[in-house]
Amino acid sequence: MSVFEEFKKQLLELNYLKSTLYILDWDEQVYMPEKGARIRANTKAYIAGLIHQKFTSKEFSKLLKEVKSLYEAKKLKDKEKVIFREVYREYERERKLPLEFVTELSRLTSEAHHTWAEARKQSNFKHFLPTLKKIIELKKEEANYYGFKESPYDALLETFEPGLTASQLDVIFEPLKQFLIPFLKQISRASLRVKKSKVKINPKIIQGKFPIEQQKPFLELVAKQIGFDYQKGRLDTSTHPFTTQFHPEDVRITTRFDEQTITPALGGTIHEVGHALYEMGIPVENFGSPLGESVSLGIHESQSRIWENQVGKSRHFWKYFYPKLQKQFPKPFKKIKMEEFYKTINMVKPSFIRVEADEVTYNLHIIIRYELERDLIEGKIKAEDLPKLWNQKVKDYLGIEIKNDADGVLQDVHWSGGMFGYFPTYSLGNLYAAQIFMCVKNVIPHLTKEFESGDFSSFGEWLKRNIHMHGKYYSAAELIEHISEEPLNSQYFIDYIKEKYSDIYRLD
Ligand code: ZN
(Lines give C-alpha, C1' and ligand atoms only; values in the text may rest on other atoms or scores of the structure.)
Protein backbone atom coordinates (compact mmCIF):
# COMPACT_ATOMS: atom_id res chain seq x y z
CA MET A 1 0.00 0.00 0.00
CA SER A 2 1.39 3.43 -0.94
CA VAL A 3 1.87 6.12 1.71
CA PHE A 4 -1.11 8.05 0.40
CA GLU A 5 -3.34 4.97 0.34
CA GLU A 6 -2.41 4.23 3.94
CA PHE A 7 -3.14 7.86 4.80
CA LYS A 8 -6.61 7.58 3.23
CA LYS A 9 -7.26 4.33 5.06
CA GLN A 10 -6.47 5.99 8.39
CA LEU A 11 -8.79 8.90 7.53
CA LEU A 12 -11.55 6.47 6.64
CA GLU A 13 -11.17 4.71 9.98
CA LEU A 14 -11.36 8.07 11.75
CA ASN A 15 -14.61 8.67 9.89
CA TYR A 16 -16.05 5.34 11.02
CA LEU A 17 -15.47 6.50 14.59
CA LYS A 18 -16.99 9.90 13.86
CA SER A 19 -20.09 8.26 12.31
CA THR A 20 -20.44 6.18 15.46
CA LEU A 21 -20.35 9.32 17.56
CA TYR A 22 -22.92 11.03 15.33
CA ILE A 23 -25.35 8.12 15.48
CA LEU A 24 -25.12 8.04 19.27
CA ASP A 25 -25.85 11.74 19.27
CA TRP A 26 -28.75 11.41 16.83
CA ASP A 27 -30.26 8.60 18.90
CA GLU A 28 -29.86 10.68 22.05
CA GLN A 29 -31.93 13.47 20.57
CA VAL A 30 -34.52 11.31 18.83
CA TYR A 31 -35.11 8.04 20.71
CA MET A 32 -33.07 7.75 23.91
CA PRO A 33 -35.05 7.30 27.14
CA GLU A 34 -34.38 9.99 29.77
CA LYS A 35 -32.37 7.75 32.06
CA GLY A 36 -29.97 6.82 29.29
CA ALA A 37 -28.31 10.24 29.55
CA ARG A 38 -25.47 9.34 31.91
CA ILE A 39 -24.24 6.20 30.15
CA ARG A 40 -24.63 7.96 26.80
CA ALA A 41 -22.45 10.86 27.94
CA ASN A 42 -19.75 8.40 29.07
CA THR A 43 -19.94 6.41 25.85
CA LYS A 44 -19.68 9.53 23.70
CA ALA A 45 -16.76 10.88 25.74
CA TYR A 46 -14.95 7.55 25.29
CA ILE A 47 -15.43 7.50 21.51
CA ALA A 48 -14.45 11.18 21.24
CA GLY A 49 -11.30 10.30 23.17
CA LEU A 50 -10.53 7.48 20.73
CA ILE A 51 -10.86 9.87 17.81
CA HIS A 52 -8.53 12.38 19.45
CA GLN A 53 -6.02 9.66 20.34
CA LYS A 54 -5.98 8.24 16.84
CA PHE A 55 -5.72 11.65 15.20
CA THR A 56 -2.84 12.79 17.43
CA SER A 57 -1.09 9.41 17.68
CA LYS A 58 2.61 9.01 16.83
CA GLU A 59 1.64 6.63 14.05
CA PHE A 60 -0.69 9.15 12.42
CA SER A 61 1.68 12.07 12.81
CA LYS A 62 4.49 10.04 11.20
CA LEU A 63 2.21 9.27 8.27
CA LEU A 64 1.17 12.91 8.00
CA LYS A 65 4.84 13.95 7.88
CA GLU A 66 5.47 11.50 5.06
CA VAL A 67 2.52 12.88 3.10
CA LYS A 68 3.80 16.39 3.82
CA SER A 69 7.13 15.60 2.21
CA LEU A 70 5.32 14.21 -0.83
CA TYR A 71 3.33 17.45 -0.94
CA GLU A 72 6.47 19.56 -0.68
CA ALA A 73 8.17 17.48 -3.36
CA LYS A 74 5.13 18.20 -5.56
CA LYS A 75 4.39 14.51 -5.85
CA LEU A 76 0.70 14.74 -4.96
CA LYS A 77 -2.11 14.90 -7.49
CA ASP A 78 -4.61 17.74 -7.46
CA LYS A 79 -7.22 16.12 -5.22
CA GLU A 80 -4.60 14.54 -2.99
CA LYS A 81 -3.20 18.01 -2.34
CA VAL A 82 -6.61 19.15 -1.11
CA ILE A 83 -6.92 16.15 1.19
CA PHE A 84 -3.50 16.83 2.67
CA ARG A 85 -4.08 20.60 2.99
CA GLU A 86 -7.34 20.17 4.91
CA VAL A 87 -6.19 17.37 7.20
CA TYR A 88 -2.97 19.22 7.96
CA ARG A 89 -4.89 22.40 8.78
CA GLU A 90 -7.11 20.54 11.24
CA TYR A 91 -4.16 18.67 12.72
CA GLU A 92 -2.15 21.85 13.28
CA ARG A 93 -5.10 23.53 14.95
CA GLU A 94 -5.81 20.58 17.21
CA ARG A 95 -2.15 20.33 18.19
CA LYS A 96 -2.07 23.95 19.29
CA LEU A 97 -4.52 23.37 22.16
CA PRO A 98 -2.99 21.74 25.26
CA LEU A 99 -4.95 18.75 26.54
CA GLU A 100 -5.64 20.39 29.95
CA PHE A 101 -7.14 23.36 28.14
CA VAL A 102 -9.47 21.19 26.05
CA THR A 103 -10.58 19.23 29.12
CA GLU A 104 -11.19 22.42 31.12
CA LEU A 105 -13.21 24.02 28.31
CA SER A 106 -15.35 20.94 27.76
CA ARG A 107 -15.98 20.54 31.51
CA LEU A 108 -16.91 24.22 31.84
CA THR A 109 -19.22 24.28 28.82
CA SER A 110 -21.13 21.14 29.79
CA GLU A 111 -21.75 22.65 33.25
CA ALA A 112 -22.52 26.00 31.66
CA HIS A 113 -25.34 24.53 29.64
CA HIS A 114 -27.17 23.67 32.83
CA THR A 115 -26.46 27.07 34.43
CA TRP A 116 -27.60 28.91 31.31
CA ALA A 117 -30.85 26.89 31.12
CA GLU A 118 -31.57 27.70 34.76
CA ALA A 119 -30.74 31.39 34.30
CA ARG A 120 -33.01 31.58 31.27
CA LYS A 121 -35.85 29.92 33.16
CA GLN A 122 -35.52 32.53 35.92
CA SER A 123 -34.75 35.24 33.37
CA ASN A 124 -31.76 36.10 35.55
CA PHE A 125 -28.59 37.07 33.68
CA LYS A 126 -26.60 37.46 36.92
CA HIS A 127 -26.97 33.74 37.55
CA PHE A 128 -25.17 33.00 34.28
CA LEU A 129 -22.65 35.87 34.44
CA PRO A 130 -19.78 34.25 36.45
CA THR A 131 -19.81 31.18 34.15
CA LEU A 132 -20.02 33.29 31.01
CA LYS A 133 -17.03 35.37 32.15
CA LYS A 134 -14.97 32.19 32.58
CA ILE A 135 -15.99 30.96 29.13
CA ILE A 136 -15.01 34.28 27.53
CA GLU A 137 -11.62 34.13 29.25
CA LEU A 138 -11.05 30.60 27.96
CA LYS A 139 -12.11 31.56 24.44
CA LYS A 140 -9.62 34.46 24.47
CA GLU A 141 -7.00 31.98 25.60
CA GLU A 142 -8.02 29.63 22.78
CA ALA A 143 -7.60 32.44 20.25
CA ASN A 144 -4.09 33.03 21.60
CA TYR A 145 -3.20 29.36 21.26
CA TYR A 146 -4.40 29.35 17.66
CA GLY A 147 -2.78 32.67 16.87
CA PHE A 148 -4.18 35.48 14.69
CA LYS A 149 -3.10 38.51 12.69
CA GLU A 150 -5.68 41.20 13.37
CA SER A 151 -8.37 40.18 15.82
CA PRO A 152 -8.57 37.28 18.30
CA TYR A 153 -12.11 36.81 16.99
CA ASP A 154 -10.61 35.71 13.63
CA ALA A 155 -9.05 32.67 15.29
CA LEU A 156 -12.47 31.57 16.61
CA LEU A 157 -14.27 32.30 13.34
CA GLU A 158 -11.79 29.98 11.63
CA THR A 159 -13.43 26.98 13.34
CA PHE A 160 -16.73 27.57 11.56
CA GLU A 161 -15.94 29.60 8.44
CA PRO A 162 -12.31 28.92 7.54
CA GLY A 163 -10.52 31.84 5.94
CA LEU A 164 -12.96 34.57 6.94
CA THR A 165 -11.96 37.44 9.25
CA ALA A 166 -13.86 39.97 11.33
CA SER A 167 -12.76 42.85 9.13
CA GLN A 168 -14.06 41.01 6.04
CA LEU A 169 -17.31 40.37 7.89
CA ASP A 170 -17.62 44.08 8.68
CA VAL A 171 -17.32 44.91 4.99
CA ILE A 172 -20.08 42.38 4.21
CA PHE A 173 -22.42 43.17 7.11
CA GLU A 174 -22.20 46.99 7.23
CA PRO A 175 -24.12 47.71 3.99
CA LEU A 176 -26.64 45.04 4.95
CA LYS A 177 -27.30 46.77 8.26
CA GLN A 178 -27.49 50.19 6.58
CA PHE A 179 -30.15 48.81 4.26
CA LEU A 180 -32.17 46.67 6.66
CA ILE A 181 -32.77 49.16 9.48
CA PRO A 182 -34.54 51.86 7.39
CA PHE A 183 -36.20 49.21 5.17
CA LEU A 184 -37.76 47.61 8.24
CA LYS A 185 -39.11 51.00 9.32
CA GLN A 186 -40.61 51.46 5.86
CA ILE A 187 -42.34 48.06 6.15
CA SER A 188 -43.66 48.85 9.62
CA ARG A 189 -45.29 52.01 8.31
CA ALA A 190 -46.73 50.16 5.32
CA SER A 191 -48.12 47.36 7.53
CA LEU A 192 -50.82 49.73 8.69
CA ARG A 193 -51.91 50.37 5.09
CA VAL A 194 -51.83 46.67 4.24
CA LYS A 195 -54.00 45.85 7.25
CA LYS A 196 -56.78 47.93 5.75
CA SER A 197 -56.38 46.51 2.24
CA LYS A 198 -58.12 43.50 0.69
CA VAL A 199 -55.19 41.14 1.10
CA LYS A 200 -54.70 41.01 4.83
CA ILE A 201 -51.60 39.83 6.59
CA ASN A 202 -52.73 38.20 9.79
CA PRO A 203 -50.95 35.12 11.14
CA LYS A 204 -54.12 34.05 12.96
CA ILE A 205 -55.93 33.16 9.74
CA ILE A 206 -53.59 30.24 9.09
CA GLN A 207 -53.93 28.84 12.60
CA GLY A 208 -56.25 26.00 13.49
CA LYS A 209 -56.10 22.33 14.36
CA PHE A 210 -53.19 20.46 12.78
CA PRO A 211 -52.84 16.97 14.25
CA ILE A 212 -49.26 15.72 13.87
CA GLU A 213 -50.42 12.58 12.08
CA GLN A 214 -51.99 14.75 9.38
CA GLN A 215 -49.00 17.08 9.10
CA LYS A 216 -46.54 14.23 8.52
CA PRO A 217 -47.84 12.99 5.13
CA PHE A 218 -47.81 16.54 3.77
CA LEU A 219 -44.24 17.15 4.94
CA GLU A 220 -43.14 13.85 3.42
CA LEU A 221 -44.76 14.77 0.15
CA VAL A 222 -42.88 18.09 0.06
CA ALA A 223 -39.58 16.49 1.14
CA LYS A 224 -39.80 13.83 -1.57
CA GLN A 225 -40.84 16.25 -4.27
CA ILE A 226 -37.86 18.52 -3.67
CA GLY A 227 -35.46 15.60 -3.79
CA PHE A 228 -35.10 14.00 -0.34
CA ASP A 229 -34.40 10.32 -0.99
CA TYR A 230 -36.11 8.17 1.65
CA GLN A 231 -33.88 5.24 0.75
CA LYS A 232 -30.93 7.28 1.90
CA GLY A 233 -32.49 9.21 4.73
CA ARG A 234 -35.02 9.43 7.55
CA LEU A 235 -37.21 12.21 8.87
CA ASP A 236 -37.86 12.06 12.63
CA THR A 237 -39.00 14.35 15.42
CA SER A 238 -36.83 16.15 17.99
CA THR A 239 -37.03 19.22 20.25
CA HIS A 240 -34.50 21.12 18.13
CA PRO A 241 -34.56 20.27 14.42
CA PHE A 242 -31.18 19.21 13.02
CA THR A 243 -29.43 17.25 10.29
CA THR A 244 -26.75 14.68 10.84
CA GLN A 245 -24.93 12.53 8.35
CA PHE A 246 -23.08 9.28 8.68
CA HIS A 247 -22.55 8.83 4.97
CA PRO A 248 -24.07 10.31 1.75
CA GLU A 249 -26.33 7.26 1.74
CA ASP A 250 -27.49 7.66 5.33
CA VAL A 251 -28.60 11.17 6.24
CA ARG A 252 -30.98 11.87 9.14
CA ILE A 253 -33.09 14.96 9.56
CA THR A 254 -35.56 15.96 12.25
CA THR A 255 -38.38 18.42 12.59
CA ARG A 256 -40.70 19.63 15.35
CA PHE A 257 -44.44 20.11 15.39
CA ASP A 258 -46.91 22.70 16.57
CA GLU A 259 -50.51 21.47 16.50
CA GLN A 260 -51.88 25.00 16.06
CA THR A 261 -49.99 25.79 12.89
CA ILE A 262 -48.18 23.87 10.18
CA THR A 263 -45.70 26.60 9.21
CA PRO A 264 -42.91 25.82 11.76
CA ALA A 265 -42.79 22.12 10.83
CA LEU A 266 -43.01 22.97 7.15
CA GLY A 267 -40.29 25.63 7.15
CA GLY A 268 -38.16 23.51 9.47
CA THR A 269 -38.48 20.41 7.31
CA ILE A 270 -37.66 22.21 4.07
CA HIS A 271 -34.67 23.80 5.83
CA GLU A 272 -33.31 20.46 7.03
CA VAL A 273 -34.00 18.83 3.65
CA GLY A 274 -31.76 21.53 2.15
CA HIS A 275 -28.97 20.49 4.54
CA ALA A 276 -29.65 16.82 3.77
CA LEU A 277 -29.50 17.31 -0.01
CA TYR A 278 -26.01 18.77 0.43
CA GLU A 279 -24.87 15.65 2.27
CA MET A 280 -26.64 13.31 -0.16
CA GLY A 281 -25.04 15.13 -3.09
CA ILE A 282 -21.48 14.36 -2.02
CA PRO A 283 -19.92 11.56 -4.12
CA VAL A 284 -19.93 8.28 -2.17
CA GLU A 285 -16.34 7.51 -3.21
CA ASN A 286 -15.14 10.63 -1.39
CA PHE A 287 -16.51 9.51 1.96
CA GLY A 288 -13.87 9.55 4.64
CA SER A 289 -11.76 12.42 3.29
CA PRO A 290 -12.16 16.22 3.17
CA LEU A 291 -13.37 15.83 -0.42
CA GLY A 292 -16.40 14.16 1.13
CA GLU A 293 -17.07 16.98 3.59
CA SER A 294 -18.99 20.23 3.27
CA VAL A 295 -17.03 23.46 2.71
CA SER A 296 -18.10 25.46 5.74
CA LEU A 297 -21.07 26.12 7.99
CA GLY A 298 -21.97 29.22 5.97
CA ILE A 299 -22.14 27.27 2.72
CA HIS A 300 -24.10 24.50 4.46
CA GLU A 301 -26.59 27.04 5.77
CA SER A 302 -26.93 28.52 2.28
CA GLN A 303 -28.24 25.17 1.08
CA SER A 304 -30.92 25.01 3.76
CA ARG A 305 -31.88 28.67 3.40
CA ILE A 306 -32.11 28.60 -0.39
CA TRP A 307 -34.72 25.80 -0.20
CA GLU A 308 -36.51 27.23 2.83
CA ASN A 309 -36.75 30.83 1.60
CA GLN A 310 -35.90 31.42 -2.05
CA VAL A 311 -37.87 28.29 -3.01
CA GLY A 312 -40.20 27.35 -0.11
CA LYS A 313 -41.51 30.85 0.54
CA SER A 314 -42.07 31.78 -3.10
CA ARG A 315 -45.30 32.11 -5.04
CA HIS A 316 -43.97 29.60 -7.60
CA PHE A 317 -43.52 26.87 -5.01
CA TRP A 318 -46.96 27.42 -3.56
CA LYS A 319 -48.65 27.56 -6.91
CA TYR A 320 -47.90 23.84 -7.04
CA PHE A 321 -48.25 22.89 -3.37
CA TYR A 322 -51.09 25.12 -2.16
CA PRO A 323 -53.93 23.07 -3.71
CA LYS A 324 -52.39 20.01 -2.04
CA LEU A 325 -52.21 21.79 1.29
CA GLN A 326 -55.85 22.86 0.91
CA LYS A 327 -56.82 19.26 0.23
CA GLN A 328 -54.95 17.97 3.28
CA PHE A 329 -56.28 20.75 5.56
CA PRO A 330 -59.57 22.07 4.13
CA LYS A 331 -59.87 23.87 7.41
CA PRO A 332 -58.60 26.63 7.46
CA PHE A 333 -57.07 26.76 3.95
CA LYS A 334 -60.11 26.22 1.74
CA LYS A 335 -61.34 29.70 2.55
CA ILE A 336 -57.95 31.35 2.23
CA LYS A 337 -56.74 32.44 -1.19
CA MET A 338 -53.20 31.50 -2.16
CA GLU A 339 -52.13 35.14 -2.34
CA GLU A 340 -53.30 35.71 1.21
CA PHE A 341 -51.47 32.59 2.37
CA TYR A 342 -48.28 33.66 0.57
CA LYS A 343 -48.30 37.08 2.19
CA THR A 344 -49.06 35.66 5.60
CA ILE A 345 -46.18 33.18 5.61
CA ASN A 346 -43.91 36.06 4.58
CA MET A 347 -45.16 38.52 7.18
CA VAL A 348 -42.47 40.83 8.58
CA LYS A 349 -42.70 41.55 12.27
CA PRO A 350 -39.78 42.44 14.54
CA SER A 351 -39.70 40.00 17.43
CA PHE A 352 -37.40 39.21 20.34
CA ILE A 353 -36.69 35.66 19.29
CA ARG A 354 -34.18 34.95 16.53
CA VAL A 355 -35.39 31.48 15.59
CA GLU A 356 -38.86 32.83 14.81
CA ALA A 357 -37.61 35.81 12.83
CA ASP A 358 -38.69 36.54 9.24
CA GLU A 359 -36.28 37.04 6.33
CA VAL A 360 -36.05 40.81 6.80
CA THR A 361 -35.31 40.91 10.54
CA TYR A 362 -33.33 37.67 10.86
CA ASN A 363 -29.96 39.10 9.85
CA LEU A 364 -30.35 42.02 12.25
CA HIS A 365 -30.59 39.46 15.07
CA ILE A 366 -27.35 37.94 13.85
CA ILE A 367 -25.57 41.28 13.44
CA ILE A 368 -26.46 42.18 17.05
CA ARG A 369 -24.89 38.94 18.32
CA TYR A 370 -21.89 39.26 16.04
CA GLU A 371 -21.07 42.82 17.12
CA LEU A 372 -21.39 41.90 20.79
CA GLU A 373 -19.36 38.70 20.70
CA ARG A 374 -16.61 40.28 18.61
CA ASP A 375 -16.34 43.16 21.10
CA LEU A 376 -16.34 40.71 24.03
CA ILE A 377 -13.49 38.66 22.57
CA GLU A 378 -11.58 41.80 21.59
CA GLY A 379 -12.03 43.04 25.18
CA LYS A 380 -13.87 46.20 24.12
CA ILE A 381 -16.92 45.50 26.29
CA LYS A 382 -17.52 43.72 29.58
CA ALA A 383 -19.78 40.71 30.08
CA GLU A 384 -21.64 42.45 32.93
CA ASP A 385 -22.81 45.14 30.49
CA LEU A 386 -24.28 42.64 28.03
CA PRO A 387 -28.00 42.96 28.93
CA LYS A 388 -27.85 46.75 28.67
CA LEU A 389 -25.94 46.68 25.37
CA TRP A 390 -28.13 43.90 23.97
CA ASN A 391 -31.37 45.72 24.76
CA GLN A 392 -30.04 48.96 23.29
CA LYS A 393 -29.06 47.29 20.02
CA VAL A 394 -32.42 45.51 19.76
CA LYS A 395 -34.09 48.87 20.22
CA ASP A 396 -31.86 50.61 17.65
CA TYR A 397 -31.95 47.87 15.00
CA LEU A 398 -35.34 46.22 15.45
CA GLY A 399 -37.26 49.02 17.13
CA ILE A 400 -38.57 46.94 20.03
CA GLU A 401 -38.08 46.98 23.81
CA ILE A 402 -36.77 43.90 25.56
CA LYS A 403 -38.62 43.34 28.83
CA ASN A 404 -36.61 40.45 30.26
CA ASP A 405 -33.28 38.71 29.77
CA ALA A 406 -34.90 35.38 28.85
CA ASP A 407 -36.23 37.04 25.68
CA GLY A 408 -33.01 39.00 25.32
CA VAL A 409 -29.42 38.13 25.99
CA LEU A 410 -30.21 34.69 27.44
CA GLN A 411 -32.28 33.32 24.55
CA ASP A 412 -29.60 31.42 22.61
CA VAL A 413 -27.66 28.41 23.80
CA HIS A 414 -24.47 29.11 21.77
CA TRP A 415 -22.38 31.14 24.23
CA SER A 416 -22.90 28.60 27.00
CA GLY A 417 -21.34 26.03 24.67
CA GLY A 418 -18.39 28.33 23.97
CA MET A 419 -19.51 28.73 20.36
CA PHE A 420 -18.14 32.20 19.70
CA GLY A 421 -17.79 32.77 15.95
CA TYR A 422 -20.75 30.56 15.07
CA PHE A 423 -23.56 33.14 14.74
CA PRO A 424 -22.19 34.93 11.64
CA THR A 425 -22.50 31.69 9.64
CA TYR A 426 -26.30 31.96 9.83
CA SER A 427 -26.24 35.30 8.01
CA LEU A 428 -23.51 34.18 5.66
CA GLY A 429 -25.86 31.35 4.72
CA ASN A 430 -28.57 33.86 3.77
CA LEU A 431 -26.15 35.96 1.74
CA TYR A 432 -24.60 33.00 -0.07
CA ALA A 433 -28.11 31.70 -0.79
CA ALA A 434 -29.20 34.95 -2.46
CA GLN A 435 -26.00 35.20 -4.52
CA ILE A 436 -26.21 31.54 -5.59
CA PHE A 437 -29.92 31.74 -6.41
CA MET A 438 -29.34 34.69 -8.74
CA CYS A 439 -26.72 32.65 -10.63
CA VAL A 440 -29.00 29.64 -10.99
CA LYS A 441 -31.82 31.85 -12.26
CA ASN A 442 -29.48 33.23 -14.91
CA VAL A 443 -28.45 29.82 -16.20
CA ILE A 444 -31.86 28.10 -15.97
CA PRO A 445 -34.27 30.66 -17.43
CA HIS A 446 -37.40 28.56 -16.87
CA LEU A 447 -36.54 27.77 -13.28
CA THR A 448 -39.58 29.36 -11.65
CA LYS A 449 -41.89 27.85 -14.27
CA GLU A 450 -40.46 24.45 -13.34
CA PHE A 451 -41.20 25.14 -9.67
CA GLU A 452 -44.79 25.97 -10.56
CA SER A 453 -45.23 22.54 -12.11
CA GLY A 454 -43.62 20.79 -9.14
CA ASP A 455 -40.36 20.09 -10.91
CA PHE A 456 -37.39 20.85 -8.67
CA SER A 457 -34.99 18.46 -10.35
CA SER A 458 -32.88 20.79 -12.49
CA PHE A 459 -32.45 23.17 -9.55
CA GLY A 460 -31.38 20.29 -7.28
CA GLU A 461 -29.03 18.99 -9.96
CA TRP A 462 -27.42 22.39 -10.40
CA LEU A 463 -26.70 22.69 -6.69
CA LYS A 464 -25.30 19.18 -6.68
CA ARG A 465 -23.02 19.73 -9.65
CA ASN A 466 -21.79 23.16 -8.68
CA ILE A 467 -21.60 22.89 -4.88
CA HIS A 468 -22.23 19.51 -3.24
CA MET A 469 -20.02 17.39 -5.47
CA HIS A 470 -16.87 19.36 -4.73
CA GLY A 471 -16.67 18.66 -1.01
CA LYS A 472 -13.84 20.79 0.36
CA TYR A 473 -12.06 21.01 -3.01
CA TYR A 474 -12.69 24.77 -3.05
CA SER A 475 -12.65 27.04 -0.01
CA ALA A 476 -15.88 28.98 0.60
CA ALA A 477 -14.37 32.13 -0.93
CA GLU A 478 -13.14 30.22 -4.00
CA LEU A 479 -16.46 28.42 -4.42
CA ILE A 480 -18.58 31.56 -4.49
CA GLU A 481 -16.15 33.21 -6.94
CA HIS A 482 -16.20 30.09 -9.06
CA ILE A 483 -20.00 30.16 -9.16
CA SER A 484 -20.76 33.87 -9.39
CA GLU A 485 -17.48 35.37 -10.60
CA GLU A 486 -17.34 37.74 -7.66
CA PRO A 487 -16.68 37.55 -3.93
CA LEU A 488 -19.49 37.22 -1.39
CA ASN A 489 -21.32 40.51 -0.87
CA SER A 490 -24.66 41.53 0.54
CA GLN A 491 -26.00 43.25 -2.59
CA TYR A 492 -27.76 40.12 -3.96
CA PHE A 493 -29.56 39.59 -0.69
CA ILE A 494 -30.48 43.29 -0.48
CA ASP A 495 -31.91 43.21 -4.03
CA TYR A 496 -33.83 40.01 -3.29
CA ILE A 497 -35.37 41.41 -0.11
CA LYS A 498 -36.14 44.77 -1.70
CA GLU A 499 -37.96 43.20 -4.63
CA LYS A 500 -39.90 40.59 -2.68
CA TYR A 501 -41.04 42.78 0.19
CA SER A 502 -41.68 45.95 -1.80
CA ASP A 503 -44.23 43.83 -3.64
CA ILE A 504 -45.76 42.27 -0.53
CA TYR A 505 -45.98 45.58 1.35
CA ARG A 506 -46.61 47.71 -1.73
CA LEU A 507 -43.70 50.02 -1.11
CA ASP A 508 -42.86 52.61 -3.74
ZN1 ZN B 1 -29.51 25.22 9.26
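A salt bridge is a side-chain nitrogen of Lys or Arg within 4 Å of a carboxyl oxygen of Asp or Glu. In this structure, which is a predicted model, the side chains of Glu-72 and Lys-68 meet in such a salt bridge, with 3.5 Å from N to O. Both residues belong to helix 3, which covers residues 58–72, and because they are 4 residues apart there, about one helical turn separates Glu-72 from Lys-68. A search of the whole structure finds 35 salt bridges, one of which is this pairing of Glu-72 with Lys-68.

Three strands form an open sheet in the order 1-3-2, and the pairing within it is mixed. Strand 1 (233–237) and strand 2 stand at the edges, each with a single partner strand, so one side of each is left without a neighbour in the sheet. From one strand to the next, the twist averages 20°.

Helix 10, made of residues 263–280, lies across strand 1, strand 2 and strand 3, and it runs at about 165° to strand 3.

The remaining steps concern helices that pack against one another. Two packed helices are described by the angle between their axes and the distance between the axes. Helix 11 (residues 297–311) packs with helix 17 at an angle of about 60°, their axes lying 7 Å apart, and these two helices are therefore oblique to each other. Helix 11 passes helix 17 in a right-handed crossing. Among the residues that make this contact are Leu-297, Ile-299, Arg-305 and Ile-306 of helix 11, together with Tyr-426, Leu-428, Ala-433 and Phe-437 of helix 17. Taken as a whole, the residues of the contact divide into 11 nonpolar, 8 polar and 2 charged.

Helix 17 (residues 424–443) also meets helix 20 (residues 476–484), where the axes come within 9 Å and cross at roughly 25°. An angle under 35 degrees counts as roughly parallel, and so helix 17 is roughly parallel to helix 20. Here the crossing is left-handed. Tyr-432, Gln-435, Ile-436 and Cys-439 of helix 17 make the contact with Ala-476, Ile-480, Ile-483 and Ser-484 of helix 20, and these residues divide into 6 nonpolar, 2 polar and no charged.

A further pair is formed by helix 12 (residues 315–328) and helix 14 (residues 338–345), whose axes come within 10 Å and cross at roughly 115°. The crossing of helix 12 and helix 14 is right-handed. On the side of helix 12 the residues are Arg-315, Trp-318, Lys-319, Tyr-322 and Leu-325, and they meet Met-338, Glu-339, Phe-341, Tyr-342, Lys-343 and Ile-345 in helix 14. The residues of this contact divide into 7 nonpolar, no polar and 4 charged.

Definitions and conventions:
Residues numbered from 1 in each chain as written. Predicted model: local features only at pLDDT ≥ 70, side-chain atom pairs only at ≥ 80, totals over all residues. Heavy atoms only, no water. Axes fitted to C-alpha atoms, helices over the stretch in contact; angles between N-to-C directions. Parallel < 35°, antiparallel > 145°, perpendicular 65-115°, else oblique. Left-handed = near helix turned anticlockwise from the far one by under 90°. Contact = heavy atoms within 4.5 Å. Nonpolar A, V, L, I, M, F, W, Y, C, P; charged D, E, K, R; others polar. Pairing = 2+ DSSP bridges.
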